[in-house]
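User: I am new to reading protein models. Could you take me through one, feature by feature?

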Amino acid sequence: RAFFYGVGLNILCPFRLGNAGVVASCEAQGEDPKLASTAVYTQEMFVLFEVGVFALLGLALNGWSTWLGELLWALIILVVAYFLTRPALIGGVFIPGQATKADRKAILGRLFEDPRTLTRLAILSLLAFLIDDITPYLISQAFTTEFVILNVTFPVIQMGVVAGYIARQIPMTPGGIGQWEWGFAGALYMGGVGLPEAATIALLESLMRHGTGVLMFGVVALLKGSKTSLREVLPKVLWPSGTVPGAMGSR
């Protein structure tokens, strides 16, 4: 319930506000907020792991020149977003989902203490990202007709997903909307897909992704399963608490 509530807030709000929503929901349901924060940060770290692995897979499948071109626009978007938010980060403003170096070090230390669990999580993480790759590929195939051809090879689609994640790593818009689509479509275009087709696939994928997330968020919100509200979530964004060190100590 907390996860779907957070997914919805991340779609409706910028800067991963939904991550704070997950923590608030867990806390409202009786869970330790520090452990909930650790879970959120761990998830974010595994997303970076997934993006890195599949980016290297794209390099192996596409070669250096095509690979660099596919990532070009995503990296430009990421760099621009970083420099626009850098003053806030330097000033100590808390952005949900942005773990501190101490948090990341503590999480990695704990994970490497248990190689079996780390391996299981890594495999599950990669399978989840693979499904993320398969979804837009199936969408492109499903919407391909005699008049509209969206038949794009899987390696190109896969790099589109990687580029989309990179472009919205610092989501300055609600759900990273715009950042994701430009990164995704830019990768497809640089991979040899026509711009109209690339934009169409990106928009269809975004519609399915965000539509599903908002639907599940609506179900949780209507049934009051999250046990929290935006009014309670917002204050948690304003103060960063020591999440991981305390969480690790309590276990």
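User: Let me start with one residue. Where is the place of Val 162?

Analyst: First, a caution: this is a predicted model. To place a residue, find the element that holds its number. Val 162 sits in helix H7, which covers residues 154–167.

User: Is Val 162 buried or exposed?

Analyst: Look at relative accessible area. Under 20% counts as buried. Val 162 has 0%, so it is buried.

User: Now the whole chain. How many helices and strands are there?

Analyst: Count each type of element. Here there are eleven helices and zero strands. Written along the sequence, the pattern is α-α-α-α-α-α-α-α-α-α-α.

User: What share of the residues in the chain is buried?

Analyst: The chain has 251 residues, and 43% of them are buried. The chain exposes about 13300 Å², with 70% supplied by carbon and sulfur atoms.

User: How much of the contacts comes from residues 24 or more positions apart?

Analyst: Take the contacts with a separation of 6 or more. Of these, 76% are between residues 24 or more positions apart.

User: Next, a polar contact. Which side chain does the side chain of Glu 44 join?

Analyst: Begin with the location. Glu 44 is found in helix H3, residues 33–62. Its relative accessible area is 13%, so Glu 44 is buried. Now the partner. A polar contact of 3.2 Å joins the side chains of Glu 44 and Asn 19. The C-alpha atoms of these two are separated by 9.6 Å, and the residues lie 25 apart along the chain.

User: What about a loop? Where does Thr 228 lie?

Analyst: A loop residue is placed by the elements on either side. Thr 228 lies between H9 and helix H10 (230–238). Do not guess its exposure from that. At 14% relative accessibility, Thr 228 counts as buried. Its side chain makes a polar contact of 2.8 Å with the side chain of Glu 232. Beyond four places in sequence, the contacts of Thr 228 include Tyr 5, Gly 21 and Val 233.

User: Last, the largest pocket. How much space lies in it?

Analyst: Volume comes first: about 1600 Å³. Then the lining. It has 48 residues, and Phe 3, Val 7, Gln 43, Val 47 and Tyr 165 lie nearest the centre of the largest pocket.

User: Which helix gives the most to the lining of the largest pocket?

Analyst: Sort the lining by element. H6 gives the most, with ten residues. Among the helices that each supply at least two residues are helix H1 (2–12), helix H2 (17–28) and helix H5 (101–112).

How values were computed: Residues are numbered from 1 along each chain as its sequence is written. This is a predicted model: local features need pLDDT of at least 70, side-chain atom pairs count only at pLDDT 80 or more; totals for chains, interfaces and linings use all residues. Side-chain values use heavy atoms; hydrogens and water are left out. Helices (H or I, at least four residues) and strands (E, at least two) are DSSP runs, numbered from the N terminus. Buried means under 20% relative accessible area, exposed over 50%, partly exposed in between (1.4 Å probe, protein chains only). Contact means heavy atoms within 4.5 Å. Accessible areas come from the Shrake-Rupley method with a 1.4 Å probe; for residues, only the protein chains shown count as cover. A polar contact is a pair of N or O atoms within 3.5 Å; within protein, one must be able to donate a hydrogen and the other to accept it, and residues adjacent in sequence count only if both atoms are side-chain atoms. On a 1 Å grid over the protein atoms alone, a cavity is a set of points where a 1.4 Å probe fits but cannot get out, and a pocket is an open set with protein on both sides within 12 Å along at least five of seven lines; lining residues have an atom within 4 Å of a point. Grid points are joined across faces, edges and corners, and a volume is the space filled by probe spheres set on the points.
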